[in-house]
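Student: Can we go through this one together? I'd like to begin with the strands and then do the helices.

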Amino acid sequence: MENVFKTEIGGKTLSIRSGKIAKQASGSVVVQYGETIVLVSVVSAKEERSVDFLPLSVEYQEKIYAAGRIPGNYFRREIGRPSEKEILTARQIDRPIRPLFPKGYCSETQIIAVVLSMDQENDPDVLAMIGASAAIEISDIPFAGPIASVRVGRIDGQFIINPAISEYENCDINIVVAGSKSGVVMVEGGSKIVSEADMLEAIFFGHEAMQPIIDMQSKLRETNGVPKRSFALPEKDENLVKKVTSEATSLIQDALQATGKIERNKALRAAKSAIFEKLGEEYSERKTEVSDIIKDIRKKTIRELILKNGRRIDNRKFDEVRPITCDVGILPRPHGSGLFTRGETQVLGVLTLGSGRDEQRVETLLGEEFRPFMLHYNFPPYSVGEVKRAGGPSRRDIGHGGLSTRAIENVLPAKEDFDYTIRIVSEVLESNGSSSMGTVCSGILALMDGGVPISAPVSGIAMGLVKEGDNVVILTDILGEEDHAGDMDFKVAGTKEGITALQMDIKIHELTRDIMGKALEQARSGRLSILEKMLQSLEKPRDEISSYAPTIITLKINPDKIRDIIGPGGKTIRSIQSETNTQVEIDDAGMVKIAAFSKTEGDAALNRVKELVLEPEVGVIYEGKVVKIMDFGAFVQIMPGTDGLVHISQLAPNRVAKVTDVVKEGEIIKVKVLEITRDGKIRLSRKAVLEDKNDSDSK
């Protein structure tokens, strides 16, 4: 039986339907907002896997038919590999719901969200997040929900819930907030340099607005939900736990005192070997159980060190940033480079500048988009001392790249002020905590080194949290160990004046406004100290771009002349590009853009274009070729595609009986423009040129 629940969100009706579609799934719902519709299903296997993690996968799929179009690729169907938007949205769905599954739940679980209809105004991403929670709620899968999600925008100082896609460019805040009944569980988005106070206000404005969606899911579960399957954590062998704890605790504590990640990992491996040696042969067949207990001891030790002893494993203060070094201009051929090192995290940012043809073309539900800024994040296995098969970017790589993109793009110059396509590549060389924020810092250094006139430099920092009851510690610039043992990963990027991007994930059920406010303020202090170090290496963008970067020359022409540059079948423009080694682009408004790798080549192409498009001017003398002889005069080509008539009376100062007595076809002569009529006909004079010359000679 179908059940439909509706509520008003942001002035529009949000509905959730269940009981009619995809009924063989463990749970499925259809979420609608405007004419945007998303189907979300969840299936969890009845059997449990023997793994020590939650085997959850999330897929988000944008079907092009949802927008009433046929895919534009060769196969005319959605290709197998998901787009960046699909990957980023899938991660956005995954992060807030993953902590709400019970610890130890090991049944293979899959969530699939499919966009069935898209109205071009209402973004389906938040609908998919709501649908994921609702589908799990009505299923038999154990889950500590429900949660809900909204997008919060701000236009002219006014907060808006779920702004239309057409309003995004006017928003100085654009974030997605996910939350439970009593707290926030995830935040992600960007802003145009806003204060911490304004961002905190936006987050909890969204949290308040999502409450009707949470209530609606509770009603849906009551009417259409099924009983939750029984699940209980396998009981631990308490005798084994006591035995391992007594043998391992002091060894783990001592190993964690080692300085540096490499030394610490080495000490922990030695400690683990010593623990197994102490336990003896009788425990050799229970290595998995013992290893799990050692992991728990390790995590507990790190947390107790922070909460009870008031210190971190690297002996920093809670609000202290690791040592930072910055280097710029270290690569001679790329157009800009910056090496950012913070403790044991090191990221190389590399800048390349290109022309309009280098823009990324992306097919989306909104149509074809062209992106003049790209940031690509690479995380090779050697950065963490591992051996893995090298392949394409992972979902994590794309997620970190997306966050770094939001952090930087709001300080880039407008296209009309800096007409280049910009690509930054982040190469993570070492990693021990927040390589995404290291990417932001190295990317900014590369932009400044490359002479890109950014509006303000940006830095980024990752914050952590350890919470036991009312005992709360916020950590600045977390290590990888602190991320694994802690309860929060809160990344904040921004300028000296305010925030440009943030992303928060937690492992506990929710965060309060007070904790988030303190984390934002502590992040601000850390972010500014990092920015100060960055500016010591380079105070501002260089005055000129790299000599190896392409030269961009623009010229506005009469749109009627576009065909003259392109030529029949594109012959003329191809000839210009081939002969001058340049790229020439023309838009429908008549804006010509020339990209060249040297000024000489750029000027050569510019002169060729000018020859084709310059309009003749009255009173100006041109050198032209006689292309046709008539009884009444001669036609002379003064520009490519532009002819004028020299009447027989204007061929010479004296009377001319026959045109061929003065000029021959193919002859090059100088002529002066006497008149351009309304219908575009051009009157030329050879006589005027000769008379002008005689006057000049007599003087």
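Student: What order do the strands of the open sheet have?

Tutor: This is a predicted model. In it, six strands form an open sheet in the order β1-β2-β3-β4-β6-β5, and the pairing is mixed.

Student: Which ones are the edge strands?

Tutor: β1, residues 3–9, and β5, residues 56–62. Each of them pairs on one side only. From one strand to the next, the twist averages 15 degrees.

Student: How many bridges join β3 to β4?

Tutor: Seven, and the two strands run antiparallel. β3 covers residues 27–33 and β4 covers residues 36–48.

Student: And which residue in β4 is the bridge partner of Gly-27?

Tutor: Val-42.

Student: What does helix α1 touch on the sheet?

Tutor: Helix α1, residues 84–97, packs on the sheet and touches β5 and β6 (107–117). The direction of α1 makes about 140 degrees with that of β5.

Student: New topic. At what angle do the axes of α2 and α4 cross?

Tutor: Roughly 30 degrees, and the axes come within 9 Å. α2 is residues 124–138 and α4 is residues 211–224. Angles under 35 degrees count as roughly parallel, so α2 is roughly parallel to α4.

Student: Is the crossing left-handed or right-handed?

Tutor: α2 passes α4 in a right-handed crossing.

Student: Which residues meet there?

Tutor: From α2, Ile-130, Ser-133, Ala-134, Glu-137 and Ile-138. They meet Ile-213, Gln-217, Leu-220, Arg-221 and Asn-224 in α4.

Student: How many of the residues in that contact are nonpolar?

Tutor: Five are nonpolar, three are polar and two are charged.

How values were computed
Residues numbered from 1 in each chain as written. Predicted model: local features only at pLDDT ≥ 70, side-chain atom pairs only at ≥ 80, totals over all residues. Heavy atoms only, no water. Pairing = 2+ DSSP bridges. Helix = DSSP H or I, 4+ residues; strand = E, 2+ residues; numbered from the N terminus. Axes fitted to C-alpha atoms, helices over the stretch in contact; angles between N-to-C directions. Contact = heavy atoms within 4.5 Å. Parallel < 35°, antiparallel > 145°, perpendicular 65-115°, else oblique. Left-handed = near helix turned anticlockwise from the far one by under 90°. Nonpolar A, V, L, I, M, F, W, Y, C, P; charged D, E, K, R; others polar.
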